[in-house]
Amino acid sequence: MDQNYQKTITACFVGYIVQAIVNNFIPLLFLTFQRTYGIPLARITMLITLNFGVQLVMDLLSAGFVDRIGYRAAMVMAHGFAVAGLVCLPILPEILPDPFAGILCAVILYAVGGGLLEVLLSPVVEACPSKHKEKTMSMLHSFYCWGHVGVVAFSTLFFRVFGIVNWKTLALIWAVIPLGNMLVFLRVPIAGPAEEGEKGYSIRELLGNKLFWVLLTMMICAGASEQAVSQWASTFAENGLGISKTAGDLAGPMAFAVLMGTSRAFYGKYGDRIKLDSFMVYSSVLCIASYLCISLVPSPLLSLLACSVCGLSVGIMWPGTFSKAASALKRGGTAMFALLALGGDVGCSGGPTLVGLVSSAWGDNLQSGILAGIVFPVLLLTGILICRKEEGSRA
């Protein structure tokens with residue numbers, strides 16, 4: 001591979017670390033916001049909903065403007081919004097009359113960047129000249145997990161050393177990463193799908209394809225299955241199991257992310273020897289089992305273990321669905337990646353929101369909320385089986 005394009009791929013890997021910061025830093029502060037600003041759990045749920053809600057709007061809008069402004073401009077814009085959101089997060093709650101409104105504004109800013117990154121990173125990597133695109137794609141998505149681990153680990157260490165009261169300083173430190181990567185994307189070569197000389201499907205053509213609808217449903221359930229546990233893991237461990245914040249962050253979201261990344265890296269290395277459908281089916285069954293264990297088993301130790309195992313089970317769901325789509329719909333182009341990202345973010349928003357709403361309705365009982373979220377891996381498993389049948393009928 002051209003070394004210049006290797007730099008592009010590396011920058012895309014860092015782009016998923018930025019995505020991990022956007023999605024996983026603020027959940028570590030939920031209880032801090034609740035205690036510092038007096039924000040109830042029901043309103044805190046809105047932060048998750050708004051984050052992924054804005055991202056899915058950007059997924060939809062990007063299908064219409066990314067090809068026009070170019071991938072480089074869009075990449076720079078995405079990182080710029082991520083920087084702005086992280087910088088505003090510690091500032092706006094202090095200068096606006098309603099601290100919650102300030103947090104919401106910051107979330108909107110970095111969610112715009114996160115939504116664009118979700119659409120841009122996969123097609124840019126797919127377009128880079130490479131002999132092993134499927135493995136590269138799997139490694140790309142694993143970097144979201146390693147970024148998640150890094151966010152939780154470094155944040156936990158920072159809070160341990162300097163105290164949770166200094167979370168505003170940490171937000172500014174995290175803003176350095178998207179700022180640096182934005183400067184990198186000003187220089188590296190970018191070969192977007194439009195440069196390959198092959199016209200991709202239009203949105204209308206994709207929406208008229210039955211297989212695409214199955215894949216889109218799978219993507220929704222993949223995002224929901226992942227985030228329904230991930231976004232609430234720290235709060236669940238700290239409140240529901242009565243352990244310290246440090247232990248809760250390490251045993252909850254960090255262990256989840258490590259095993260999710262391990263699953264993706266494993267498939268990225270050995271994917272040529274493993275049938276993707278079978279791997280996704282077994283993962284879905286394991287996910288269902290982990291949800292049941294988190295919700296119904298009274299042992300705190302087993303519940304924590306199930307949270308971690310859930311990370312292992314959902315690892316293949318998102319990149320696996322992308323791989324199936326890229327293989328089945330080879331002319332998908334920007335529109336396909338945008339709509340799949342839209343579906344994924346619908347799930348990322350809907351999953352944690354359902355958990356939060358059901359939990360609130362049952363007296364802030366997160367176990368009840370997570371039990372309700374089991375609908376997502378069940379639907380994903382159904383989608384895989386339908387997709388397999390559809391592909392078999394075309395063979």
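**Helix α15 and onward**

Q: Start with α15. What should its 12 residues span, and what do the ends say?
A: At 1.5 Å a residue, helix α15 (residues 317–328) should span 16 Å, and its end C-alpha atoms are 16 Å apart, so the two agree. Bear in mind that this is a predicted model.

Q: Is α15 mostly covered or mostly uncovered?
A: Mostly covered: 9 of its 12 residues are buried.

Q: Which ones are buried in α15?
A: Met317, Trp318, Pro319, Gly320, Thr321, Phe322, Ser323, Lys324 and Ala325.

Q: Take Thr321. What is its relative accessible area?
A: Thr321 has a relative accessible area of 0%. The cut-off for buried is under 20%, so Thr321 counts as buried.

Q: What does its side chain reach?
A: The side chain of Thr321 comes to 2.7 Å from the backbone oxygen of Met317. Both Thr321 and Met317 are on the buried list for α15.

Q: And what does Thr321 contact, leaving aside neighbours within four places in sequence?
A: Leu215, Met218, Met219, Met280 and Ile316.

Q: Met218 sits in α10, I think. Which residues make the contact between α10 and α13?
A: From α10, Met218, Ala224, Ser225, Ala228 and Val229; from α13, Met280, Cys287, Tyr291 and Ile294.

Q: Then α10 against α14: what angle do the axes cross at?
A: Roughly 160 degrees, with the axes of helix α10 (residues 210–230) and helix α14 (residues 300–314) coming within 10 Å. The cut-off for roughly antiparallel is over 145 degrees, so α10 is roughly antiparallel to α14.

Q: Which residues make the contact there?
A: Ser225, Glu226 and Val229 on the α10 side, and Cys307, Cys310 and Val314 on the α14 side. Ser225 and Val229 also take part in the contact of α10 with α13.

Q: Left-handed or right-handed?
A: α10 passes α14 in a left-handed crossing.

Q: Switching topic: α6 and α16. How do they cross?
A: The axes of helix α6 (residues 99–127) and helix α16 (residues 333–361) come within 9 Å and cross at roughly 135 degrees. The two helices are therefore oblique to each other. Their crossing is right-handed.

Q: Which residues meet?
A: Glu118, Val119, Ser122 and Pro123 in α6 meet Phe337, Ala338, Ala341 and Asp345 in α16.

Q: What about Ser62, where is it?
A: Ser62 lies in helix α3 (residues 41–69). Ser62 has a relative accessible area of 0%, so it is buried.

Q: Which residues does Ser62 contact outside its sequence neighbourhood?
A: Leu116, Val119 and Ala338, leaving aside neighbours within four places in sequence. Val119 and Ala338 are also among the residues where α6 and α16 meet.

Q: What lies 2.8 Å from the polar side-chain atom of Ser62?
A: The backbone oxygen of Asp59.

Q: Next, α12. What's the story with Gly261?
A: Gly261 is found in helix α12 (residues 245–270), and Gly261 is buried at a relative accessible area of 0%. Not counting residues up to four places away in sequence, Gly261 touches Ser142, Cys145 and Trp146.

Q: How far is Gly261 from Met139?
A: They are 122 residues apart in sequence and 8.9 Å apart in space, C-alpha to C-alpha.

Q: And Ala257, buried or exposed?
A: Buried, at 0% relative accessibility.

Q: What does Ala257 touch?
A: Cys145, His148 and Val149, not counting residues up to four places away in sequence. Cys145 is also one of the residues touched by Gly261.

Q: Why might two positions like that point the same way?
A: An α-helix has 3.6 residues a turn, so residues three or four places apart point the same way.

Q: Last one, the whole chain. How many helices and strands?
A: 18 helices and 0 strands. Buried residues make up 57% of the 395 residues. Of the contacts with a separation of 6 or more, 83% are between residues 24 or more positions apart.

Conventions
Residues numbered from 1 in each chain as written. Predicted model: local features only at pLDDT ≥ 70, side-chain atom pairs only at ≥ 80, totals over all residues. Heavy atoms only, no water. Helix = DSSP H or I, 4+ residues; strand = E, 2+ residues; numbered from the N terminus. Buried < 20%, exposed > 50% of the residue type's maximum accessible area, 1.4 Å probe, protein only. Polar contact = N/O pair within 3.5 Å; in protein donor to acceptor, adjacent residues only side chain to side chain. Contact = heavy atoms within 4.5 Å. Expected span 1.5 Å × (residues − 1). Axes fitted to C-alpha atoms, helices over the stretch in contact; angles between N-to-C directions. Parallel < 35°, antiparallel > 145°, perpendicular 65-115°, else oblique. Left-handed = near helix turned anticlockwise from the far one by under 90°.
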